Amino acid sequence: MDRTMEGTLDQVTAIFGRLEKLIIDHQRQLQASQEALHAAREREEAQFKQAMVAMFHEHQQRMEAALRPAIVRAWQIVAAVAGVLVLLLAGGMLLLKQTNDRLNAAQARADAAEVKAEVMEASRHVEITSCGGRPCIRLDKDASTWKSKGSEYILVDGK
């Protein structure tokens, strides 16, 4: 019986040895499979990233192509508005200049009218007549005189 037990033990030991060898083979295959899966996953992730980058660039190019006419149109509108504003500014400046010229002309006419009014007021106090076909006025010989711009003037007073 000892021999049978020994034979059985040898068989069981051989079976355990094969089983251990089988488990080690399965562990190696599992490790190899995990490494293969990991490598495949990394390749797929890299391909996915490249595909996403390519899609992003394509989408960006499409958006730029779609927006380019709108951007050009917007710049055209901005330029047109700027041109209109420049024209309005130039027109306003022209109107201001014209108004200023008219104001200066009116001021000059008012000054001239004021001088004429002063002369008319003064002429009411002066007696003008003709002396041998030439105009002359009667002056008071005792009146004081003023000099201005190389000429001599006498205050005209109707008294």
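**Briefing: a helix, a hairpin and surface contacts**

Cys131 stands opposite Arg134, a residue of strand S2. The model is a predicted one, in which local features need pLDDT of at least 70 and side-chain atom pairs count only at pLDDT 80 or more, while totals for chains, interfaces and linings use all residues. Residues are numbered from 1 along each chain as its sequence is written, and side-chain values use heavy atoms, with hydrogens and water left out. The protein chain holds 1 helix and 4 strands, in the order α-β-β-β-β from the N terminus. Helices (H or I, at least four residues) and strands (E, at least two) are DSSP runs, numbered from the N terminus.

**Chain totals**

- Of the 159 residues in the protein chain, 1% count as buried. Buried stands for under 20% relative accessible area, exposed for over 50%, and partly exposed for values in between (1.4 Å probe, protein chains only).
- The protein chain has an accessible surface of about 15000 Å², and carbon and sulfur atoms account for 62% of that surface. Accessible areas come from the Shrake-Rupley method with a 1.4 Å probe; for residues, only the protein chains shown count as cover.

**Helix H1**

- Helix H1 covers residues 2-123, which makes 122 residues. At 1.5 Å a residue, H1 should span 182 Å, and its end C-alpha atoms lie 170 Å apart, which agrees. The expected span is 1.5 Å times one less than the number of residues in the helix.
- H1 has a kink of about 35 degrees at Leu67, shortly before the proline Pro69. The bend at a residue is the angle between axes fitted to the seven residues ending there and the seven starting there.

**Hairpin S1-S2**

- Strand S1 (residues 128-131) pairs with strand S2 (residues 134-137) in the antiparallel sense, over 4 bridges. Two strands pair if DSSP finds at least two bridges between them.
- The two strands form a hairpin with 2 residues between them. In the turn, Gly132 has a positive phi of about 65 degrees.

**Salt bridges**

- The count comes to 4 salt bridges, each defined as a side-chain nitrogen of Lys or Arg within 4 Å of a carboxyl oxygen of Asp or Glu.
- Asp25 and Arg28 form one of these, at 3.9 Å from N to O. Both residues lie in H1, 3 residues apart, or about one turn of the helix. Asp25 is partly exposed at 34% relative accessible area, whereas Arg28 counts as exposed at 59%.
- Arg41 and Glu45 form a salt bridge in which the closest N and O atoms are 3.8 Å apart. These two residues are 4 apart in H1, so about one helical turn separates them. Arg41 is exposed, with a relative accessible area of 55%, and Glu45 is partly exposed, with 40%.
- Glu58 and Arg62 meet through their side chains in a salt bridge of 2.5 Å, N to O. Here too both partners are in H1, with a spacing of 4 residues, about one turn of the helix. Arg62 counts as exposed at 56% relative accessibility, while Glu58 is partly exposed at 37%.

**Nonpolar surface patch**

- Val12, Phe16, Leu19, Leu22 and Ile23 form a nonpolar patch on the surface, with about 450 Å² of accessible area together. Patches are made of residues with over 30% relative accessible area and no salt bridge; like charges are joined within 9 Å and nonpolar side chains (Val, Leu, Ile, Met, Phe, Trp, Tyr) within 5 Å.
- Leu22, a member of this patch, is placed in helix H1. Leu22 is partly exposed, with a relative accessible area of 45%.
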